[in-house]
Number of protein chains: 4
Amino acid sequence: MNFASDNTSGASPEIIAAVSAANTGAAMPYGADDITARVAQRLNEVFETQAVSYPVATGTAANSLALAAGTPPWGAVYCHGDSHINRDECGAPELFTGGAKLVPLEGDDGKVTPAVLEAALAGAKPGFVHQVQPAMLSLTNATEAGTVYTPDEVAELAGIAHAHGLKVHMDGARFANAAASLGCTPAELTWKAGVDVLAFGATKNGALAAEAVVFFDRELAENVGYRRKRAGHLFSKMRFLSAQLEAYLSDGLWLANASHANAMAARLAAGLSHVPGCRLVHPVQANELFVEMPAATADALSDGGCVFYRWKPGDPVSTRFVTSFNSDPADVDRAVKLARSAAGQSAAE
Amino acid sequence: MNFASDNTSGASPEIIAAVSAANTGAAMPYGADDITARVAQRLNEVFETQAVSYPVATGTAANSLALAAGTPPWGAVYCHGDSHINRDECGAPELFTGGAKLVPLEGDDGKVTPAVLEAALAGAKPGFVHQVQPAMLSLTNATEAGTVYTPDEVAELAGIAHAHGLKVHMDGARFANAAASLGCTPAELTWKAGVDVLAFGATKNGALAAEAVVFFDRELAENVGYRRKRAGHLFSKMRFLSAQLEAYLSDGLWLANASHANAMAARLAAGLSHVPGCRLVHPVQANELFVEMPAATADALSDGGCVFYRWKPGDPVSTRFVTSFNSDPADVDRAVKLARSAAGQSAAE
Amino acid sequence: MNFASDNTSGASPEIIAAVSAANTGAAMPYGADDITARVAQRLNEVFETQAVSYPVATGTAANSLALAAGTPPWGAVYCHGDSHINRDECGAPELFTGGAKLVPLEGDDGKVTPAVLEAALAGAKPGFVHQVQPAMLSLTNATEAGTVYTPDEVAELAGIAHAHGLKVHMDGARFANAAASLGCTPAELTWKAGVDVLAFGATKNGALAAEAVVFFDRELAENVGYRRKRAGHLFSKMRFLSAQLEAYLSDGLWLANASHANAMAARLAAGLSHVPGCRLVHPVQANELFVEMPAATADALSDGGCVFYRWKPGDPVSTRFVTSFNSDPADVDRAVKLARSAAGQSAAE
Amino acid sequence: MNFASDNTSGASPEIIAAVSAANTGAAMPYGADDITARVAQRLNEVFETQAVSYPVATGTAANSLALAAGTPPWGAVYCHGDSHINRDECGAPELFTGGAKLVPLEGDDGKVTPAVLEAALAGAKPGFVHQVQPAMLSLTNATEAGTVYTPDEVAELAGIAHAHGLKVHMDGARFANAAASLGCTPAELTWKAGVDVLAFGATKNGALAAEAVVFFDRELAENVGYRRKRAGHLFSKMRFLSAQLEAYLSDGLWLANASHANAMAARLAAGLSHVPGCRLVHPVQANELFVEMPAATADALSDGGCVFYRWKPGDPVSTRFVTSFNSDPADVDRAVKLARSAAGQSAAE
């Protein structure tokens, strides 16, 4: 019953197998191997376009490289205040961009709204050297609140951004979960909606350590090779990184994994929503649940062996549960049962 | 017959197996897992001291984090002009340190000499705000020229560095090759000789993508956790990175792999040194050979299916051959035979 | 009638004279001259303590050097969202610190409140490598809204900051205006209230281009000499910079200048506050006024030759007026008269 | 008898007077004033072209902004090993460029030669992501050795640089001395010879603190406004900076000052060259002399009140003398007399 993070899960067996299989003979290093070439081609097929892609090993690197490609050191990146790039990367975007500024925006359920974005951009002063210059909009999909932007929502926000000369970045650490949740094509959720560069995640959804920065705006990619190298993210034995992505993109594994994780989240949400005192803080649209619950209930879950994060202390306590590609439905049901039982006891006291 | 780089080789089967074996159950992310704890302990045993270690995936990251730990943005890092950090990391040390300066030193066979180091430090002006301040000495062992520093040589250079207040970094991308070549203990070649921080390589010697930054001077490690994270080098599913290092350090695999690579280099050197027109540019003390040879000989090798790098064009041409943990002695012998044959033909023409 | 900025004024005649007078004979460069030594001593007297001070030419440099001294690249600087360092320095703090993050806080009248600061710090996670680490609190006094923090208010905020391990920076671009307004000693408003480093402004208050970074926490100053040099802010003919500060600090010029500017702001505020349709947005406690007024009134002022900034368009329009050390009371009265007249006409229409 | 540096001199009376004269009435800040506009126009006239210019206060800032405009963080700047940007700016170019690499070249008398430059560029690998990319050539004129590049020499070097896609920067901290020495037009020594951006110095030659970055390649200037601001080098009361440049460029003051300094250097060189034991290390072509002399002679000069720098200790000792726009011929003669006298005594002992 480990719902601490989708990072606590291991890797899909198919992906482990692909890594093993890649260990055959010599291969040119630094991405000049066959597997890396096939991954680039496969990404183009999946996204139905000619993109430029760079495999890297972490989401932090993928996001930061994408942002650095589109933001000068005196640029501003507009993003949700709770976005991972703003809160949970210890300043990586600032390091990679040479000191650009992330401008935090407010919005319910982890989502930037057109009105808030418009207002923020209205306050910016293009060409005014005293202030950082609007450069990018960053959207996380699925969001850090476990919700999703629809293609229409992305298109509206990207339209505003483009009208002001900004490029659009999507943090897709859980892109698969968003795509699976929405049932749209990867193209519809990205470049057709105006996304210029996507950090396409695989690690949280079954890879060991693999992401791809996918540039739909290929001009943006011009110097990413140098940036990747000098950040230490160019792998010498790249085949082992690319092999993960190839397996991830084969036979629909990436969507199957995400669909399972989403289903487990929905199952857990359905169960907990009927537990007295439990309240879902955000709609559950991907694989994360944010649940406010009595401290006694949270304690009972912990005591029963259920692992999850406590966001904010207090009573009720604010908690987060994350499901994964290999979450066991039986674990989900046991967690719900523990919560129900605790609530019953609590009510009986 | 691929001698292009030790990066063209795949991974040791034992390491692949360890990665597979690590895929069991849930594990806390970001290094809070059991395998990572065991690797730290194992490194302490191998180096016979209490070090602080950080697994990362690339040598560029390992070196740059080590340098950033010991060099302020206004610091100077003294290193050989041909060192990897100076020539082949696209400015990664500059990025990680916030703009420190690498001061290139000359020296035969890829090695810094005490006299050159003393002279360089004599020209520095501690406390003089107009100039960058001496901060670190960086030594590569085995060197980029395929030679090694002995423990005594390291100790003499480190002694000079420490006397001037510098910290000592060792780029150990091929540390195993140096240790195997010298037959000394890892401790003798590092902290006992004055090394403060080691970038301990595994990737070139059989891992998929794994290195460890090993701080013998533990105070230097104080902020490396933040630096690693904001550079995108903190792996969420760290167990898969640590599993590589654990296997690498088990049952002497790291030294056995390096010994094999060194033996193959010696075999190739012995063979080529008797080929008319071929000249070893540097002593062959690890797993790299730099060979000057007639262009016709080089062409014949290429035509025969032997892969290697041509450093500088011309006739004779300057070439590099790198052997690996899994180089096949038969391949070595075939390469020598090709060269001999070409030299014979050439002589006969 | 130029109320656009205190930067539109020239310099105090006393300061111009001091620059001329400094042009005598040879003087050692880079701050090794007598005048610079005297300025350091004079600052110690004015602030009644042993500080370490660095003259520089711009407020951006003064603030950024101060912040860089107390914030690592992975640090967070808590500041008001409207603070100059956050909004009007084009990312200078990010450049000087190597990419630290400014965390914008809300607060009426340009002032951070204890409750907001406490809440922000409660959300921070010391030692958690995923997030930037609380490093500094920055307060502007007088604030960007033309208000002031009292010594007690500074002390309460600094107390919170220190309790969380933060250093306290004060942006004193208009420090003289604050001190003159409050009638307290410079010491009471700074180190006695917990300020660790002050950017002590002179440019806006009568100098040509001169500020001083004054470190009350002298350990913070350790590396500022290097940082100043590599940012290009170490002046070779420093005497001409220091001469400005010496004159500024002589015979109470700095406080006299500020008192005049404050008095002119109060006079303008008193006048405009009685003009129909005009509303002071913030209390007027220093030398800036923020006035909401009918667009027709603003237009009449402009047409009459009065220069000021229009913050936000609309009707009413949001405007800013800044008075200076040499603002002419007659100009103030003319501006009020113009506004009154416009309001009367408007009312009569 | 102060020959320590041209920075020990004060300012030209004409320039002090211009600063005073600029203190009239209100002026729009940040360079939107009339004087700044006139300076831009005047620079265009002096250089006989349409340039884009930015006044700043220090040479370090001028050089670093120029380099940052033409070099990405992964770029290489080729320069003489003894150049000021490489040795005496504490890493300022690295800070401003975001970590670019200065590649030190050798060359007699402080000058880069075509052969050395060609060889360095031949070793670079455009497009190879492992290595920093050739971006700029930087030449200092007059050089740090007190010599000058002729227009033809600049043109040859710039031609090589341009052929490899590099931009050409000239560090003109002593540009006036070079131009006066060569008797060529400013245009001939810069853009007509292929210089893309010049750091045009005034401080050492009579200003208080004033330089201009002059972009002949106007596209390079695109983002310099942002870079200047975020480095803290945009002056609010810019008129006082621009007034210095205006006076400097009026009535040939800049060339007259430089000619005087050069003449004093020639006079001192002529005198010392006949002193037994004294040897000029480099040709004296501008306003700096490097003189090897017996330690006893140097001591006698010091004892007699002559101030100069001792570059390297020993006997003979290596010394530097710098003359200035206001060096007194009598001081020069007294210095020569002291040296002669010391040599005579020495010989007599």
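The following paragraphs describe a sheet in chain D and then two interfaces, that of chains B and A and that of chains C and B.

This is a predicted model, in which local features need pLDDT of at least 70 and side-chain atom pairs count only at pLDDT 80 or more, while totals for chains, interfaces and linings use all residues. Residues are numbered from 1 along each chain as its sequence is written, chains are lettered from A in the order in which they are written, and side-chain values use heavy atoms, without hydrogens and water.

In chain D, seven strands form an open sheet with mixed pairing, in the order S1-S7-S6-S5-S4-S2-S3. Strands (E, at least two residues) and helices (H or I, at least four) are DSSP runs numbered from the N terminus, and two strands pair if DSSP finds at least two bridges between them. Strand S1 (52-56) and strand S3 (101-105) of chain D are the edge strands, each pairing on one side only. From one strand to the next the twist averages 20°; axes are lines fitted to C-alpha atoms, for helices over the stretch in contact, and angles run from 0 to 180 degrees between N-to-C directions. S1(D) runs antiparallel to strand S7 (residues 211-215) of chain D, and five bridges join them. Pro55(D) has Ala212(D) in S7(D) as its bridge partner. Helix H7 (residues 151-163) of chain D packs on the sheet, touching strand S4 (133-140) and strand S5 (167-172) of chain D, and its direction makes about 170° with that of S4(D).

Between chain B and chain A, the contact (heavy atoms within 4.5 Å) takes 49 residues from each chain. The buried area is about 3800 Å², with 59% from carbon and sulfur atoms; this is the accessible area (1.4 Å probe) that two parts lose on being put together, summed over both. In chain B, Leu95(B), Arg230(B) and Lys237(B) lose the most area to chain A, together 19% of what that side buries. Zero salt bridges are found across this interface, a salt bridge being a side-chain nitrogen of Lys or Arg within 4 Å of a carboxyl oxygen of Asp or Glu.

Chain C meets chain B through 17 residues on each side, and the area buried between them is about 1600 Å², of which carbon and sulfur atoms give 66%. On the chain C side, Trp74(C), Val129(C) and Tyr226(C) lose the most area to chain B, together 45% of what that side buries. The count of salt bridges between chain C and chain B is zero. Helix H10 (residues 224-230) of chain C gives the most to this side, with five residues.
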